[in-house]
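Work through the exercises below with the sequence and the model side by side. Try each task before reading its solution.

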Amino acid sequence: MPDTSPAWLDRLPRWAPIPLGIGAGALMGLGQAPWALTWLAVAGLLGAVLVFSITSTRRGAFGAGWGVGLGYFALVLNWVTEPFQVDAATTGWMAPFALFFLAAGLALFWALAFWGAAHARGLRPRLFALAVAWAAVELARAYVLTGFPWAMVGYLWAPVDAIQWVSVIGPHGLNLVTLMAVTLIAMALRGGRRAWVPGGVGVATVVALVWGGAAMVPPLQDLTGRPVVRLVQPNAPQHQKWDRAFVPIFFERQVDFTAAPSHDGLGRPDLVVWPETAVPMLLDNADEALGIITDAAFPARVVLGIQREEDRAWYNSLVLAGPGPDVMQVYDKHHLVPFGEYMPAAALFRHVGVGGLAQRAEGGYTAGPGPQIIDLGEGLGRALPLICYEAVFPQDVHNAPGRADFLLQITNDAWFGQVSGPYQHLSQSRIRAIEQGLPMLRAANTGVSAVIDGAGRVLDSVPLGEAGYLDTPLPPPLRVTPYSRTGDLPMLIALLFLGCAAFYISRRVSD
């Protein structure tokens, strides 16, 4: 098959794919929040595929893929430097190293995909193999070493209606379809016999993603008569959150917000939600504090974040409390942040004086038993609690023991700074709601606290960096989505089938 691509592509020096890949990856990153420049991100993704297409060796392909990943993750994950600035005198020096090593490490997943695809023979088989391999490593990134599926490729569609496809094919299916569409367009740009065919199919796929997503957006729901929920946002900066001089200020602020009169013509709340670790003491020592909180909320129940200790193990917990105070249900966070809430190989790191940034005990937090449903009583129904980072994992939400009526996230995004991290976290919360067809209530320490319907629409919110509260009717659940029934298994099977197809096509070309 002749290659009729522009001659300058073939005259580039061998080292060019790495810097070009870094640039293409950074352009891809602009599709994520807060930039939300979807079409620039698509252009960057196309550029990354074209960079791969000009590599002539497996080593060159590996370098190109690593460059794309480095540029992408270094931009998107720039917020990872923020936790190190909370105690800048002690940990500030680690910030640039943390960003580089995290970005460089995650880039290895993409480098592996580029390297694997380079084994195929012929331009079009190589590009087909790249789409399959890239989607496969994104699936692996969600699971390997406890997983970190932050800012997956398909999330570039989050600002537009195409993101609705996650309710049908899930986030990994959207990764695959996006990559297939872009590689087909790249085939057309590289030329060859009947180049218009793959190009036309690729463009048609993009159009189908956008138009089909728009057609799937459900109408706004009637919220008349729905239970009222109050979300509390104290806006406690992380460097002050545990300072004894500020702890009473933030606690009293949340109590005042809890007891405040209703607004927007709504009745008294049926439920009040405080954010992650909102109560500055252990659960066993919190009877007086819980009494103050539940008195302020009466007759509503309160969901709040608090730490607890049991048998010398510490937990990051969510508690449902009622008048009395009565601790009615407790949920312990089960998907902990490595190097944040616990340290892998803790004994080794202890020798060099390095501990988890967010852990409150020397050994870090202990993981809870797994996802669980909490019953909030008649009217409110059942909620699936998610503490902070847990909302990043679609498989954790899918693996809940039964279908909830809504998702309930409490988080402390003060760790993520004020630029990109909180907005990316909110974006992924929206995607979880769409996947399940369930509304989400999100109470964040510094923001963004929000009520999100099952279509991923932010119906109301408290802005980032502001103290306040909002009263909101609780949206009802939407239909049961296909993805909520199947999870990631169909996509794993599809990737295995497509991987075998890519191998077979490559063998035919080489023969």
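Buried means under 20% relative accessible area, exposed over 50%, and partly exposed in between (1.4 Å probe, protein chains only). Helices (H or I, at least four residues) and strands (E, at least two) are DSSP runs, numbered from the N terminus. This is a predicted model: local features need pLDDT of at least 70, side-chain atom pairs count only at pLDDT 80 or more, and totals for chains, interfaces and linings use all residues. Residues are numbered from 1 along each chain as its sequence is written, and side-chain values use heavy atoms, without hydrogens and water.

**Exercise 1.** Find how many of the ten residues of strand β3 are buried.

*Solution.* Go to residues 301-310. Seven of the ten are buried, so the strand is mostly covered.

**Exercise 2.** Find how β3 pairs with β2 and with β4.

*Solution.* Two strands pair if DSSP finds at least two bridges between them.
- Start with β2: three bridges join it to β3, in the parallel sense. Val-272 has Val-302 of β3 as its bridge partner.
- Turn to β4 (residues 313-322): nine bridges join it to β3, and the two run antiparallel. Gly-305 lies opposite Leu-318 of β4.
- End at the hairpin of β3 and β4: two residues sit between the strands, and Asp-311 has a positive phi near 50°.

**Exercise 3.** Which residues of helix α11 are buried, and why do they line one face?

*Solution.* List them: Val-247, Phe-250, Phe-251, Gln-254, Val-255, Phe-257 and Thr-258.
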